[in-house]
Amino acid sequence: MISPRSIEVPDALVASYTRNGGDKERTWIARLPELAAELLDRWELERDGGIGSGEASLVVPVRRPDGTRAALKLQMPREETTAALIGLRAWNGDGIVRLLDHDPDSGAVLLERLDGSRTLASVEDDDVAMNALAGLMARLHSVPAPEGLRGLGDIARDMLASVPAAVAALPDPEDRRRLHDWASAVTELADEPGDRMLHWDLHYDNVLAAEREPWLAIDPEPLVGDPGFDLWPALDTGWEKLHTTRDAPRAVRRRFDLLTQALGLDRRRAAGWTLARLLQNTLWDIEDGRTTIDPSQTTVAQALPHH
């Protein structure tokens with residue numbers, strides 16, 4: 001039997017659940033070592049390296065009884081974790097980390113082990129990296145969307161309903177105009193939300209080096225919609241590095257051109273759905289108390305072709 005005391009939960013993960021969560025979150029994080037130990041025993045897994053964590057998950061490198069290297073990932077069950085499981089099953093390892101097993105009660109998953117130390121951000125040539133990401137994105141979008149995922153149409157309608165209150169929270173008239181413009185773009189597209197399965201968070205740090213392929217995607221947050229809604233994380237990835245070049249708009253436009261060409265997208269629709277992501281991000285920022293539009297959102301909007 002594996003002792004829960006041997007499972008070291010990183011302080012940052014504990015803090016994220018206790019600082020921002022309620023009783024349910026604090027109870028879950030307190031029980032996490034016990035849950036991890038139970039699953040290691042049940043699946044006969046052997047610890048195989050130091051424990052890591054993401055923003056909301058614990059990752060334990062392991063070996064299966066046959067010696068296969070894998071990763072046990074534990075995260076508090078939410079709508080997003082259920083969607084990820086649905087997506088991983090449907091993709092079945094095509095361009096993305098392979099699901100090996102899962103525990104329906106806890107939402108824990110056993111995943112193919114990838115090289116967490118090497119992300120697509122390590123590729124110096126941005127065109128090479130973006131083309132690799134585009135290739136993965138095309139494969140993910142080609143898989144028919146299964147039942148049980150949220151649809152972009154519902155998300156778009158919810159966003160539009162939130163716009164009036166959000167505009168009132170912005171003191172700058174130019175910011176209010178931008179938000180109205182982005183909402184108008186969403187209104188034009190909302191009746192045709194699309195039917196592809198999207199990753200929703202595909203950027204350089206969510207693409208890891210692998211053994212069976214050079215690169216594989218991780219950490220999907222699947223939903224059903226237009227592929228154009230999937231572009232923003234790729235356009236924005238490595239923003240700090242882009243921003244220091246003082247030529248971020250040109251880099252964003254170059255990425256947009258590469259992605260839309262590789263995916264065969266209508267540029268006008270892709271630009272409109274990217275504005276929808278900027279609207280979504282800004283609505284979230286305003287919910288968190290921000291009263292201005294983040295400059296990175298404005299830069300991306302200005303770099304897009306006229307929609």
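Trainee: Where is D266 found?

Mentor: D266 is found in the loop between α9 (248-263) and α10 (267-287); helices (H or I, at least four residues) and strands (E, at least two) are DSSP runs, numbered from the N terminus. This is a predicted model, in which local features need pLDDT of at least 70, side-chain atom pairs count only at pLDDT 80 or more, and totals for chains, interfaces and linings use all residues. Residues are numbered from 1 along each chain as its sequence is written, and side-chain values use heavy atoms, with hydrogens and water left out.

Trainee: Why does D266 count as partly exposed?

Mentor: Buried means under 20% relative accessible area, exposed over 50%, and partly exposed in between (1.4 Å probe, protein chains only). D266 counts as partly exposed because its relative accessibility is 44%. A polar atom of its side chain lies 3.1 Å from the backbone nitrogen of R268.

Trainee: What surrounds S296, and is this residue buried or exposed?

Mentor: S296 belongs to helix α11 (residues 295-303) and is buried, because its relative accessible area is 9%. A polar contact is a pair of N or O atoms within 3.5 Å; within protein, one must be able to donate a hydrogen and the other to accept it, and residues adjacent in sequence count only if both atoms are side-chain atoms. The side chain of S296 makes such contacts with the side chains of D294 (2.7 Å) and Q297 (3.5 Å). Not counting residues up to four places away in sequence, S296 touches D236 and W239, where contact means heavy atoms within 4.5 Å.

Trainee: How is strand pairing read, and which strands pair with β3?

Mentor: Strands of a sheet pair through backbone hydrogen bonds, either parallel or antiparallel. Two strands pair if DSSP finds at least two bridges between them. Strand β3 (residues 57-63) runs antiparallel to β1 (residues 46-47), with two bridges, to β2 (residues 52-53), also with two bridges, and to β4 (residues 69-75), with seven bridges. V62 of β3 stands opposite R47 and opposite A70 in β4, while L58 in β3 stands opposite S53. A hairpin of three residues joins β2 to β3; in the hairpin of β3 and β4, with five residues between the strands, G67 takes a positive phi near 90°. Five of the seven residues of β3 are buried.

Trainee: In what order do the strands of the open sheet lie?

Mentor: The order is β7-β9-β10, with antiparallel pairing. The edge strands are β7 (115-119) and β10 (215-217), each pairing on one side only.

Trainee: How do α4 and α9 cross?

Mentor: Axes are lines fitted to C-alpha atoms, for helices over the stretch in contact, and angles run from 0 to 180 degrees between N-to-C directions. The axes of α4 and α9 come within 9 Å and cross at roughly 35°. The contact includes M130, L133 and M137 of α4 and L258, L259 and A262 of α9.

Trainee: Which residues touch the most other members of the largest nonpolar core?

Mentor: In soluble globular proteins, nonpolar side chains tend to be buried together. A nonpolar core is a set of buried Ala, Val, Leu, Ile, Met, Phe, Trp, Tyr and Cys residues joined through side-chain atoms within 4.5 Å. Of the 80 residues in the largest core, L179, L231 and L279 touch the most other members. The largest share of this core, nine residues, comes from α10.
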